[in-house]
Amino acid sequence: MADRTHVCPICGTMGLPAMSRYPAYVCHGCAARARSADGRPLRFTNQGVSGGFLAVYADTDEPYPGGGRCWIDGIACIADEARFGGIVVEVSGVKGSN
């Protein structure tokens with residue numbers, strides 16, 4: 001069976017590892033451009049070593065009240081804790097995504 005790859009749905013970067021659990025995930029470069037509805041940069045991290053999801057405004061480190069809702073290049077996305085740790089950002093509204 002051939003290795004499956006994924007294409008970033010935002011920028012078109014090819015050759016990313018395919019993950020059936022996250023069919024609409026964006027590449028790290030795109031995830032780094034996540035913004036709030038009013039255009040402020042966001043940062044998503046785990047709360048600690050054992051997980052948990054934390055969203056903050058990247059410019060002030062204030063908690064972001066929007067949870068994982070974000071926009072990348074005007075495209076609605078959602079960030080969340082990945083199943084085995086880390087953070088995953090996906091385009092919203094794609095079947096199988098958050």
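Student: In this predicted model, is Phe-53 buried, exposed or partly exposed?

Tutor: Buried requires under 20% relative accessible area, and exposed requires over 50%. Phe-53 has a relative accessibility of 21%. Phe-53 therefore counts as partly exposed.

Student: Which class does the aromatic pair of Phe-44 and Phe-53 belong to?

Tutor: A pair of aromatic rings is described by the distance of the centres and the angle of the planes. For Phe-44 and Phe-53 the centres are 5.8 Å apart and the planes are at 20°. Planes under 30 degrees apart define one class, so the pair of Phe-44 and Phe-53 is stacked.

Student: What is the class of the pair formed by Tyr-57 and Tyr-64?

Tutor: Tyr-57 and Tyr-64 are both buried. Their ring centres lie 5.3 Å apart. Because the planes stand at 80°, and an angle over 60 degrees sets the class, the pair is edge-to-face.

Student: Which residue lies over the face of Tyr-57?

Tutor: The contact is a charge over a ring, for which the limit is 6 Å from the ring centre. Here the distance to the ring centre of Tyr-57 is 3.6 Å. The residue is Arg-40.

Student: How many disulfides does the structure hold?

Tutor: A disulfide needs two cysteine sulfur atoms within 2.5 Å. The closest cysteine sulfur to that of Cys-11 belongs to Cys-27, at 3.7 Å, which is too far for a bond. Cys-30 is likewise in no disulfide, with the sulfur of Cys-27 the nearest at 3.7 Å. The number of disulfides is zero.

Note on methods
Residues are numbered from 1 along each chain as its sequence is written. This is a predicted model: local features need pLDDT of at least 70, side-chain atom pairs count only at pLDDT 80 or more; totals for chains, interfaces and linings use all residues. Side-chain values use heavy atoms; hydrogens and water are left out. Rings of Phe, Tyr and Trp (its six-membered ring) pair if their centres lie within 6.5 Å; planes under 30 degrees apart count as stacked, over 60 as edge-to-face and the rest as tilted. Buried means under 20% relative accessible area, exposed over 50%, partly exposed in between (1.4 Å probe, protein chains only). A charge sits over a ring if NZ of Lys or CZ of Arg is within 6 Å of the ring centre and within 35 degrees of the ring normal.
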